[in-house]
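Please look over the sequence and the structure shown here before reading on. The paragraphs that follow lead from the overall division of the chain to one helix and then to the salt bridges.

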Amino acid sequence: MPASAAVRAHADDLADFVAASPSSFHAAAEVARRLEVAGFTSLAEEEGWPLVPGGRYVVVRDGAVIAWVLPRGAGARTGIHVFGAHSDSPALKLKPKPTTGRLGWLQAGVEIYGGPLLNSWLDRELRLAGRLVLDDGSAVLAATGPLLRLPQLAIHLDREANDHLALNKQTQTQPVWGLGDAASADLLAELAAAAGVDAGCIRGYDIVTADATRGAVFGKDDVFFASGRLDDLASVHAGVTALVAAPSDTAHIPMLAVFDHEEVGSATRSGAAGPFLSDVIERVQRGLGADRDEQLRALAASWCVSSDVGHSVHPNYPDKHDPVVQPVLGSGPILKINANQRYATDAVGAAAWHGWCDAAGVLSQEFVSNNAVPCGSTIGPITATRLGIRTVDVGIPILSMHSARELAGTADLFALTRAAGAFFSS
Ligand SMILES: [Zn+2]
């Protein structure tokens, strides 16, 4: 059966969201922009927060963003339902002195951010995106159109390429972006022009590459959706879409927490291991007049659904998966389970998650690793450890995780959003 109009529209909106979010900074800004359009009030961390029950709020910290609905009946002991996700994705990141080149080619000096599948970054048109900090201390977002490419060596020049393609992480990962003499070129000027600022004013930058190709639905009955950065923008998009629709009369505070730097361990001021979420929760609770005892009682009544992509079974590599528990694209979000607590899910969380999926009318699947294949991790265990909030790890199943263009099930994207909506409104 072809995808419904609602499922198609949701996937199209996700493609818009990913295109507007080529860096974590852009993703945080796009979340805030969408929420402001929906009536949320932007708050600055440096200023006082005049929180009013019935109000809706969003605060950005670098590439992270937290937003919440303060229900009309919120009080000092009101629990919080946090939907967590991350804004960053594996990428190539500009080094200092990024304008390089040789043999008549202009190239970009890059580091490797996170754990990309490097071969998937070959032969794609790439954008540059991130933030520039100027000599007056202000920060501006900058994103170019398609500008760079990492060209693969022709098969004629390496007849064994199909047997052992392995890229040297320094010498074979520097993209080309033009022709000419590097001494008279300036890659940062391309970003300055895109941002409408003077290149001479740039004093610092955090700039990554992103696949320039828009996300798209394809396959029999439109079952597939391919895009860059589905890890984890699919979860961020589900969370912001659900939060916009969250009612103002819930018994808890619906909250979206999007962290940066998950792909490099989360231990930063805008990462899940940093204090951003606990800072925001404390300020919300103090705004509601909570004393320490009431703060802890509210946390004990709270939940975190940590959403990040997980692995679908791969038909070409069946031995990489558990032989019995085999999630597949299109059969709903996954509940992630790991005995060694690489995921925070436990029996209590599993039961709660199934309840929210039932309330949303959404099918859910389970994920557990093959014992011989190491398991990844995500923000869930970090959040649970830092705040003591009951936490459950979920996500959508995908293939090609950490590829420049990942593969999801179209229906799962909408299903995750509906489950997030049930979590917020339960
Ligand atoms: Zn992820």
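**Domains, a helix and salt bridges**

The protein chain is divided into domain 1 (5-89 + 228-425) and domain 2 (91-211), with bounds that come from an automatic or database domain assignment. This is a predicted model, in which local features need pLDDT of at least 70 and side-chain atom pairs count only at pLDDT 80 or more, whereas totals for chains, interfaces and linings use all residues. Residues are numbered from 1 along each chain as its sequence is written, and side-chain values use heavy atoms, with hydrogens and water left out.

The C-alpha centres of the two domains lie 30 Å apart. Where they meet, 20 residues of domain 1 are in contact with 20 residues of domain 2, contact meaning heavy atoms within 4.5 Å. The size of an interface is often given as the accessible area lost when the parts come together. For domain 1 and domain 2 this buried area (the accessible area, with a 1.4 Å probe, that two parts lose on being put together, summed over both) is about 1,500 Å², and carbon and sulfur atoms give 60% of it. Between the two domains the count is one salt bridge, a term that stands for a side-chain nitrogen of Lys or Arg within 4 Å of a carboxyl oxygen of Asp or Glu.

Which residues of helix 1 are buried? They are Val-7, His-10, Ala-11, Leu-14, Ala-15, Phe-17 and Val-18, where buried means under 20% relative accessible area, exposed over 50% and partly exposed in between (1.4 Å probe, protein chains only). These residues cover an arc of only 160° around the axis, which puts them on the same side of helix 1; the arc is that of the directions from the helix axis to the C-beta atoms. An α-helix has 3.6 residues a turn, so residues three or four places apart point the same way. What covers the buried residues of helix 1 includes helix 2 (24-37), strand 11 (216-218), strand 12 (224-227), helix 5 (230-244) and helix 10 (410-425).

The structure holds 18 salt bridges. In one of them Glu-45 pairs with Arg-61, the closest N and O atoms being 2.8 Å apart. Glu-45 lies in the loop between strand 1 (41-43) and strand 2 (56-61) and Arg-61 in strand 2, so the pair ties together parts that are 16 residues apart in sequence. Glu-45 counts as partly exposed at 23% relative accessibility, whereas Arg-61 is buried, with a relative accessible area of 7%.

The side chains of Arg-203 and Asp-135 also meet in a salt bridge (3.9 Å, N to O). This pair links distant parts of the chain, 68 residues apart, with Arg-203 in strand 10 (residues 202-211) and Asp-135 in the loop between strand 7 (126-134) and strand 8 (139-143). Arg-203 counts as exposed at 56% relative accessibility, and Asp-135 as partly exposed at 46%.

Technical notes:
Helices (H or I, at least four residues) and strands (E, at least two) are DSSP runs, numbered from the N terminus.
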